[in-house]
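Subject: Handing over a structure, with notes

Dear colleague,

I am passing this structure on to you, and I have set out below what was found in it. Please look at the sequence and the model first, and then read the notes beside them.

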Amino acid sequence: MPGRNIDITVPRLDGKRAVVTGASDGLGLGIAARLAAAGAEVLMPVRNQEKGAAALDEIRRSTPGANVSLRALDLSSLDSVTALGKNLLEEDRPIHLLVNNAGVMTPPDRQLTADGFELQFGTNHLGHFALTAHLLPLLRAGQARVTSQVSVAANSNAINWDDLNWERSYNGMRAYSQSKIAFGLFGLELERRSRALGWGITSNLSHPGVAPTSLLAARPEVGRDKDTLGVRLIRALSSRGILVGTVRTAQLPALYAAADPGARGGSLYGPSGPGHMGGAPAEQNLYSRLRVTEEARRVWDVSQELVGVRFPD
């Protein structure tokens, strides 16, 4: 079927230390497995340790001798993010690749993080923002590549500046778009500040296109006990090789953005097929919502205040 054999070559990463969030299943697991197969030491910070252990076993079966390990992380808790940052700083080993991949999508009802933020904004954006800030000394030491996974949803809707936590009128998809727009603006502002301040970090964005991942599947932890109609349709199209990608091909833009020597800072990588829903990974134009530097600075400043962690000026 069209697109079934799409792949990229991941360069050798021996001696590199990589951190991949959301690596207990889906895209994150695939990304972690490919980085480990290329020789990287891969840290997998996960919320569910049982799922994480199963993911470790899967990687070790496919790549005997893979250097992979679990860490505890719940991105919806800033205390958990701080604890991981502290632990890795105590290990005092440079980080060369950070793939900010984990995410939650469209809970049917408004939910809050442990710190009182709307769940998608707090997890997808603020949790990763705080984690990157905590790890900055290690990222600088490793001259790291930071790849932040956004979504085609970042090309629609807007940041709800008057009600960031959706207290007055919750809309799951609009809140999801907001989280990914904010996250994308953060990734681009990180690149600008790294260049201006000499941090030596390269920051770019990726998106997986459309594929039958677990984001829209039944997820009791976000209040969804059945697969959505959307994921059922995506599975049907994917199985027939029509328009959308597969879970395997959807991993490729982030892999390319994170590991390929040709991937550039400040760029967005996604599938190159029609509508950027499937196909081989390639650089694409930034979404209109991600092009306004004043918005990016505003996201940066507001996020620092909300999470209570500051990047150096």
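The notes that follow begin with the chain as a whole and then turn to particular elements and residues.

Please keep in mind throughout that this is a predicted model. The chain is made up of 9 helices and 8 strands, and 57% of its 313 residues count as buried. Its accessible surface comes to about 12,800 Å², and carbon and sulfur atoms account for 49% of that surface. Among the contacts in the chain with a separation of 6 or more, 73% are between residues 24 or more positions apart.

At the start of α4, the backbone nitrogen of Q120 has a side-chain oxygen of E118 within 3.1 Å. Because 20 of the 23 residues of α4 are buried, this helix is largely enclosed by the rest of the structure.

As a general background, nonpolar side chains tend to be buried together in soluble globular proteins. In this model, the largest nonpolar core has 48 residues, and those with the most contacts inside it are L139, I159 and F311. The elements that give two or more residues to this core are α3 (78-91), α4, α5 (172-197) and α9 (293-307), and the largest share, 10 residues, comes from α4. A second, separate core has 31 residues, including L29, A32, L70 and L252.

Once its neighbours within four places in sequence are left aside, I159 is in contact with L164, Q178, I181, A182, L185, E295 and V299.

Although T82 and L131 are 49 residues apart in sequence, their C-alpha atoms are 7.2 Å apart in space. The side chain of T82 is also joined to that of H134 by a polar contact of 3.3 Å.

Most residues other than glycine have a negative phi. Q143, which comes just after α4, has a phi near 45 degrees, a positive value in a residue other than glycine. Its place is in the loop between α4 and β5 (145-149), and Q143 is exposed, with a relative accessible area of 53%. N157 is not a glycine either, and yet N157 has a positive phi of about 65 degrees. This second residue, N157, is found in the loop between β5 and α5, where it is partly exposed, with a relative accessible area of 23%.

With best wishes

Notes: Residues are numbered from 1 along each chain as its sequence is written. This is a predicted model: local features need pLDDT of at least 70, side-chain atom pairs count only at pLDDT 80 or more; totals for chains, interfaces and linings use all residues. Side-chain values use heavy atoms; hydrogens and water are left out. Helices (H or I, at least four residues) and strands (E, at least two) are DSSP runs, numbered from the N terminus. Buried means under 20% relative accessible area, exposed over 50%, partly exposed in between (1.4 Å probe, protein chains only). Contact means heavy atoms within 4.5 Å. Accessible areas come from the Shrake-Rupley method with a 1.4 Å probe; for residues, only the protein chains shown count as cover. A polar contact is a pair of N or O atoms within 3.5 Å; within protein, one must be able to donate a hydrogen and the other to accept it, and residues adjacent in sequence count only if both atoms are side-chain atoms. A nonpolar core is a set of buried Ala, Val, Leu, Ile, Met, Phe, Trp, Tyr and Cys residues joined through side-chain atoms within 4.5 Å.
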